[in-house]
Amino acid sequence: MTPTIPDMIRVFGRIGLLSFGGPAAQIALMHKELVEDRPWLTEQQYLRALSFCMLLPGPEAMQLATYAGWRQRGIIGGLIGGGLFVIPGAIVIAALALLYGLYGNLPAVQALFIGVQATVVIIVIEALIKVSRRALQGVVHVAVACLAFIALFVFAVPFPVVIGIAAIVGALTFAKDTDDTPAAGSLQLNRSALILCVGGLLWALPILAVWAWPAPFLTDISLFFSKLAVVTFGGAYAVLAYMTQEVVTDFGWLTTAQMMDALGLAETTPGPLILVTQFVAMLAGLAQGGVGLALLAGGLTLWVTFVPCFIWIFAGAPLIDWLDGQPRLRGALAAITAAVVGVIANLSLWFATHVMFGTVATYRTGPVQIISPDLTSLQLMPVLLAFLAAALLLWRKWSLLWVLAVCALSSLGLHLAMT
């Protein structure tokens with residue numbers, strides 16, 4: 001029996017409010033709500049949809065919620081499922097970004113965030129461990145991960161290029177001995193093409209509006225986060241280093257420390273971690289023109305980040321059975337996932353260096369660009385707090401929210417004791 005709209009709002013609203021803990025926890029929560037507790041999806045439908053969502057750029061858990069809603073009530077159901085997965089976290093992020101932007105320069109607040117930044121280093125290392133266990137299934141996977149790390153850390157190759165090359169390698173190498181025989185399932189290309197065209201137009205309208213206004217800052221925001229939306233394979237961690245480089249170095253909107261604070265706060269909210277983009281846009285908007293511009297920048301970033309997620313699902317969901325029989329696509333996904341291990345390793349080293357050392361330069365010679373910390377600028381407090389976070393998160397297996405709270409309060413206590 002098809003669920004009613006009120007039933008869908010109630011169920012997906014609960015999923016959105018309880019979706020803490022990252023994609024793994026969110027996917028497990030949806031499995032319980034949608035497969036175990038009510039017959040909205042069969043086990044096979046759920047697994048096929050999850051595999052399809054992992055092929056797409058963007059947050060797979062949000063796209064899975066969109067698919068589950070679409071499966072029940074079409075496009076309206078998909079908007080309910082995906083929308084309610086994002087909205088609670090987006091509201092919390094908006095409030096946190098405004099509070100942080102207005103009060104983040106107070107010494108006590110800065111001391112709190114030293115603990116948050118130290119914890120973020122361990123969070124990213126934990127993500128590296130989890131992803132590598134799933135992704136590195138053979139020698140070729142390991143080689144792809146290592147080469148991705150070298151390309152990013154040593155040669156500063158742009159992230160989209162690394163992901164594109166990995167996908168090509170996966171399609172040509174991982175599936176070279178497999179026959180690309182399509183599985184059962186019809187191709188509804190006309191319908192999918194129509195959705196792509198209409199959805200693409202809706203996606204572009206706000207970008208064209210701020211460009212015609214003209215509003216250079218909002219145009220830069222919309223174009224940058226639109227580009228990010230189509231290369232976010234492997235989750236938010238995979239693009240954080242790329243986003244940090246662009247936001248900090250190229251645009252000068254935030255500092256590296258503010259980027260780490262943004263990630264730490266995004267970890268404490270429900271919804272997809274890619275909501276960190278909204279936080280970044282709002283901080284940049286606050287610095288450029290106050291609260292009004294911050295809200296505009298945040299809303300625009302939400303639009304260009306998540307509208308593509310709906311487009312991919314509404315256009316591609318009817319093709320899931322067909323896509324499941326394309327081994328070269330699965331090979332490309334496997335290679336991308338392996339490359340993400342190298343990407344996250346680069347991110348771990350980047351964040352750890354900037355947290356632990358007061359002075360970090362860049363060594364350049366020819367095509368080589370390597371971060372070079374001043375060893376005499378090592379900071380003891382973040383090092384101690386990182387060890388505390390590692391002990392609580394990796395060894396004692398504490399909840400992430402508790403670890404962030406303990407490390408932030410410990411940092412504040414040390415600050416007060418020394419002043």
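I looked up Asp37 and Lys32 first: their side chains meet in a salt bridge, 2.9 Å from N to O. For a salt bridge I take a side-chain nitrogen of Lys or Arg within 4 Å of a carboxyl oxygen of Asp or Glu. Asp37 counts as partly exposed, since its relative accessibility is 40%, and Lys32 counts as partly exposed at 41%. My cut-offs: buried is under 20% relative accessible area, exposed is over 50%, and partly exposed is in between (1.4 Å probe, protein chains only).

A note on what I'm looking at: this is a predicted model, where local features need pLDDT of at least 70, side-chain atom pairs count only at pLDDT 80 or more, and totals for chains, interfaces and linings use all residues. Residues are numbered from 1 along each chain as its sequence is written, and side-chain values use heavy atoms, with hydrogens and water left out.

How many salt bridges are there by this rule? The count comes to five. Arg14, Glu33 and Arg38 are linked in a network of them.

Next I went to helix H1, residues 5–18. (Helices are DSSP runs of H or I with at least four residues, strands are runs of E with at least two, and both are numbered from the N terminus.) Arg10 and Asp7 sit three residues apart in H1, about one turn of the helix, and their side chains form a salt bridge at 3.5 Å, N to O. Arg10 is partly exposed at 46% relative accessibility, and Asp7 is partly exposed at 29%.

Helix H5, residues 107–135, holds Lys130 and Glu126, four residues apart, again about one turn. Their salt bridge is 3.7 Å, N to O. Is Glu126 buried or exposed? Glu126 is buried, because its relative accessible area is 18%.

Then I checked the length of helix H3, residues 43–55. At 1.5 Å a residue, its 13 residues should span 18 Å, and the end C-alpha atoms are 19 Å apart, so the two agree. The expected span is 1.5 Å times one less than the number of residues. The buried residues of H3 are Gln45, Tyr46, Ala49, Leu50, Phe52 and Cys53. They cover an arc of only 165° around the axis, so they lie on the same side of H3; the arc is that of the directions from the helix axis to the C-beta atoms.

Last stop, helix H8, residues 189–212. Leu205 lies there and is partly exposed at 44% relative accessibility.
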